[in-house]
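This report concerns the backbone, the helix packing and the overall dimensions of one protein model. Please consult the sequence and the structure shown here alongside the text.

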Amino acid sequence: MNDVAEPVRLYLDLMKRSLSNTIYRDPRIWFGDWSGSLEVEQREVRPFDEGSRSEGLDIPSVAHTMIGGHRLDNLQECTERVIADGVPGDLLEAGVWRGGATILMRAVLKAHGVRDRTVWVADSFEGLPEADPERYPADRGGAVHLWNDLLGVSREQVEENFRRYGLLDDQVRFLQGWFRDTLPTAPVESLAVLRVDGDLYESTMDALTHLYPRLSVGGFVIIDDYGALAACRLAVQHFRKRHGITEPITRIDRSGVFWRRTEPEAGR
């Protein structure tokens with residue numbers, strides 16, 4: 001067993017280094033702190049910074065993910081745990097950017113020889129929707145759509161990124177469109193890992209509303225922007241309170257959090 005475990009560990013470690021590009025250390029696109037304005041004229045290209053990349057606090061110019069080393073480690077650990085524990089369901093990320101987190105999910109399945117789970121890649125592939133403060137007051141001032149030239153990555157490019165790692169196959173399926181349109185009727189029967197990276201209150205709430213009921217007991221929900229974006233955090237708090245979810249939230253780094261589902265139905 002140890003002879004098998006070490007190659008798996010080395011492969012997945014190399015995948016994480018490649019996806020976050022800590023090997024070639026590409027420059028980062030800097031935009032001030034997370035709470036500041038996202039106006040285009042504030043952008044700067046700065047040298048690679050180890051701390052920012054590991055914490056997922058920069059936008060890499062080349063790397064296939066911006067979630068950082070700690071959140072990549074967490075995603076691997078959650079995926080391996082549901083495999084080891086036999087928790088039923090697929091893996092899904094809502095909001096994928098260049099696809100790095102979903103590529104890692106597929107790599108974990110591949111490394112462990114898992115052939116009966118699907119990785120779902122859910123995104124508009126156009127970036128983020130313009131905030132609707134009339135319906136979602138928490139999104140007022142959340143002008144993240146101004147960065148859609150960077151945040152919007154085409155489906156074709158994400159597919160190509162999977163292909164470059166040799167991981168684009170029939171265990172990868174795409175859900176293209178705004179969450180409010182695609183997630184209510186998504187052909188996903190059950191989930192073991194749900195990773196939400198929607199930035200806005202609206203996007204976060206849509207993902208939780210339509211996908212959390214499909215999360216198996218023993219499955220994990222991971223929220224990427226909980227510590228970084230107040231609107232995302234508020235959506236999670238409102239959803240948990242509304243459905244009586246009491247499982248403790250565990251912090252991953254300054255931004256990401258997760259919890260493991262223990263109740264068979266939300267609200268009980």
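D199 lies in the loop between β7 (191-196) and α8, where helices (H or I, at least four residues) and strands (E, at least two) are DSSP runs numbered from the N terminus. The model is a predicted one, in which local features need pLDDT of at least 70 and side-chain atom pairs count only at pLDDT 80 or more, while totals for chains, interfaces and linings use all residues. Residues are numbered from 1 along each chain as its sequence is written, and side-chain values use heavy atoms, with hydrogens and water left out.

Although D199 is not a glycine, its phi is positive, at about 65°. A positive phi is also found in W97, a residue other than glycine, with a value near 50°. W97 is placed in the loop between β4 (90-94) and α4 (100-111). The table gives the burial of each residue; buried means under 20% relative accessible area, exposed over 50%, and partly exposed in between, with a 1.4 Å probe and protein chains only.

| Residue | Relative accessible area | Class |
|---|---|---|
| W97 | 9% | buried |
| D199 | 16% | buried |

Helix α8 (residues 201-211) also takes part in a helix pair. Its axis and that of helix α9 (residues 230-242) come within 8 Å and cross at roughly 35°. Axes here are lines fitted to C-alpha atoms, for helices over the stretch in contact, and angles run from 0 to 180 degrees between N-to-C directions. The crossing of α8 and α9 is right-handed, that is, the near helix is turned clockwise from the far one by less than a right angle.

On the α8 side, the contact (heavy atoms within 4.5 Å) is made by Y201, T204, M205, L208 and T209. Helix α9 contributes A231, C232, L234, A235, V236, H238, F239 and R242. These contact residues divide into 9 nonpolar, 3 polar and 1 charged; Ala, Val, Leu, Ile, Met, Phe, Trp, Tyr, Cys and Pro count as nonpolar, Asp, Glu, Lys and Arg as charged, and the others, Gly among them, as polar.

For the whole protein, the secondary structure comes to 9 helices and 10 strands. The radius of gyration is 18 Å, close to the 18 Å that the globule rule gives for 268 residues, so the protein is as compact as a globular protein of that length. This radius is taken over C-alpha atoms, and the rule is 2.2 Å times the number of residues to the power 0.38. Of the 268 residues, 53% count as buried.
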